[in-house]
Amino acid sequence: MKHGDHHTSKLHLLNKSKNESSDRCYSTMVYLCLLENILFGMGNPLLDISAVVDKDFLDKYGLKPNDQILAEDKHKALFDEIVKKNKVEYHAGGSTQNSVKIAQWMIQKPHKVATFFGCIGKDHFGEILKKKAAEAHVDAHYYEQNEEPTGTCAACITGDNRSLVANLAAANCYKKEKHLDLDSNWELVEKAKVYYIAGFFLTVSPESILKVAKHASDNNKVFCMNLSAPFISQFFKEPLMKVMPYVDILFGNETEAATFAKEQGFETDDITEIAKKTQNLPKENKKRQRVVVFTQGKDDTVATVGEKVTMFPVLDIDQNDIVDTNGAGDAFVGGFLSELVQERSLEECIRAGHYAANVIIRRVGCTFPEKPDFH
């Protein structure tokens with residue numbers, strides 16, 4: 001890594017005055033300072049259905065080997081076929097839920113550091129999601145309705161590629177006025193200091209995202225977002241750019257960054273330039289400079305550090321140890337957030353992100369061993 005200005009890369013992303021008692025958090029007993037519900041996530045809770053498929057299967061449903069899309073009518077049969085013809089694994093998924101789950105796993109204690117909001121159906125898959133969230137010690141408060149079944153996401157794996165097809169179903173039914181606006185739920189939003197919402201939720205409830213983002217900005221808290229998939233920058237540009245002025249930390253991968261740059265007319269495909277231009281987009285809360293973090297698979301992660309753009313090398317891994325790259329991006333964010341809520345430097349946040357992603361790609365689905373081994 002190019003250390004650049006050492007004091008700049010040590011910038012605390014949750015800026016606080018030097019004499020605040022929360023500086024005590026740097027002790028080894030850091031978890032004693034961490035409060036329940038300090039991290040808030042909201043998104044699409046989905047049950048992941050993972051299976052190894054062949055190229056014919058991808059071709060049949062018009063899928064690219066490495067992509068994320070929303071299911072259309074032509075994909076409806078895919079969900080039945082993948083379960084009938086393949087050995088499938090079920091995992092609690094959905095991008096934001098994965099990330100807060102990983103953050104909680106990295107932190108370990110106290111439990112319920114992370115809150116999660118999203119919509120599920122009153123059905124068997126919904127019960128699985130509730131059980132999995134409880135097992136992960138995430139404080140999930142689902143809006144439950146019976147008009148639509150719990151959402152699913154087919155992860156079609158070929159080699160080390162994965163093509164994700166999300167059937168949002170219930171996840172698409174999240175209602176601000178029926179859930180987020182309720183006093184008991186909004187109190188949980190107010191308790192948080194760090195907020196994370198994947199761009200995928202822009203397709204569901206942009207008004208919910210804006211309410212949370214404005215609260216974060218008005219109270220000088222940290223609001224994080226993810227570009228999530230190329231189609232978000234392409235087809236949900238308007239809601240994305242309405243939220244962007246409130247975004248303190250923006251995540252994305254190299255493909256999403258390139259699509260975002262194209263849609264914004266940046267006229268460059270240089271990822272460091274894209275990061276800089278994204279950092280400089282209009283921003284509401286001037287007390288925090290926006291931080292942009294772009295991952296690039298096995299290549300260096302790119303991040304804006306003050307006025308510079310810095311490259312952070314990822315951990316080496318033997319190709320043979322890679323089992324499933326599905327969830328690597330979510331895991332990176334989860335690791336990052338786990339250090340961010342502990343007021344660590346950007347450098348440490350990225351190191352934790354790299355560690356979490358390295359663990360997750362050795363396993364099927366966004367799953368992890370009992371305890372992390374991160375120091």
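A residue counts as buried under 20% relative accessible area, as exposed over 50%, and as partly exposed in between. The views below show a predicted model.

**Figure 1. Lys211 pairs with Asp181 in a salt bridge.** Lys211 has a relative accessibility of 27%, so it falls in the partly exposed class. Asp181 has 25% and is partly exposed too. The nitrogen-to-oxygen distance between the two side chains is 2.8 Å. Asp181 sits in the loop that runs between helix H6 (176-180) and helix H7 (183-191), while Lys211 belongs to helix H8 (residues 206-218); the contact therefore ties together parts that are 30 residues apart in sequence. Across the whole structure, the search returns 14 salt bridges.

**Figure 2. A salt bridge joins Lys237 and Glu263.** Their side chains meet at 3.0 Å, N to O. The two ends come from distant parts of the chain, 26 residues apart: Lys237 is in helix H10 (residues 237-243) and Glu263 is in helix H11 (residues 254-263). Lys237 is partly exposed, at 30% relative accessibility. Glu263 is also partly exposed, with a relative accessible area of 27%.

**Figure 3. Lys283 and Asp248 form a buried salt bridge.** The N to O distance is 2.6 Å. Both partners lie in loops, and 35 residues separate them. For Lys283, the loop is between helix H12 (271-279) and strand E12 (291-296). For Asp248, the loop is between H10 and strand E11 (249-253). Lys283 is buried, and Asp248 is buried as well. Elsewhere, salt bridges with shared partners bring Lys60, Glu81 and Lys85 into one network.

**Figure 4. Five strands make up an open, mixed sheet.** The strand order reads E3-E8-E7-E2-E4. The edges belong to strand E3 (67-70) and strand E4 (89-93); each has a single partner strand, so one side of each has no neighbour in the sheet. From one strand to the next, the twist averages 20 degrees. Helix H3 (residues 76-85) packs on this sheet. H3 touches E2, E4, strand E7 (151-158) and strand E8 (161-167). The directions of H3 and E7 make an angle of about 65 degrees.

**Figure 5. Strand E2 pairs with E4 in antiparallel fashion.** Strand E2 covers residues 46-52, and five bridges connect it to E4. Within this pair, Ser50 faces Glu89 of E4.

Figure 6. Ala303 is placed opposite Thr310 in E14.

**Figure 7. Gly252 is a buried residue of strand E11.** Its relative accessibility is 6%, so it counts as buried. Beyond neighbours within four places in sequence, Gly252 is in contact with Asn226, Leu227, Val293, Phe294 and Thr295. Glu348 lies 96 residues from Gly252 in sequence. Their C-alpha atoms are 18 Å apart.

**Figure 8. Asp330 is listed by UniProt under "active site".** The listing comes from an unreviewed entry. Asp330 is found in helix H13 (residues 328-340). Its relative accessible area is 14%, so it is buried. Apart from neighbours within four places in sequence, Asp330 is in contact with Ser95, Asn98 and Ser99.

**Figure 9. Helix H13 is largely enclosed by the rest of the structure.** The reason lies in burial: twelve of its 13 residues are buried. Among them are Asp330, Phe332, Val333, Phe336, Leu337 and Glu339. Gly334 and Gly335 are buried too. The length of H13 also fits expectation: at 1.5 Å a residue, its 13 residues should span 18 Å, and the end C-alpha atoms are 18 Å apart.

Methods. Residues numbered from 1 in each chain as written. Predicted model: local features only at pLDDT ≥ 70, side-chain atom pairs only at ≥ 80, totals over all residues. Heavy atoms only, no water. Pairing = 2+ DSSP bridges. Helix = DSSP H or I, 4+ residues; strand = E, 2+ residues; numbered from the N terminus. Axes fitted to C-alpha atoms, helices over the stretch in contact; angles between N-to-C directions. Contact = heavy atoms within 4.5 Å. UniProt positions renumbered as here; feature names shortened; annotations may be inferred. Buried < 20%, exposed > 50% of the residue type's maximum accessible area, 1.4 Å probe, protein only. Salt bridge = Lys/Arg side-chain N within 4 Å of Asp/Glu carboxyl O. Expected span 1.5 Å × (residues − 1).
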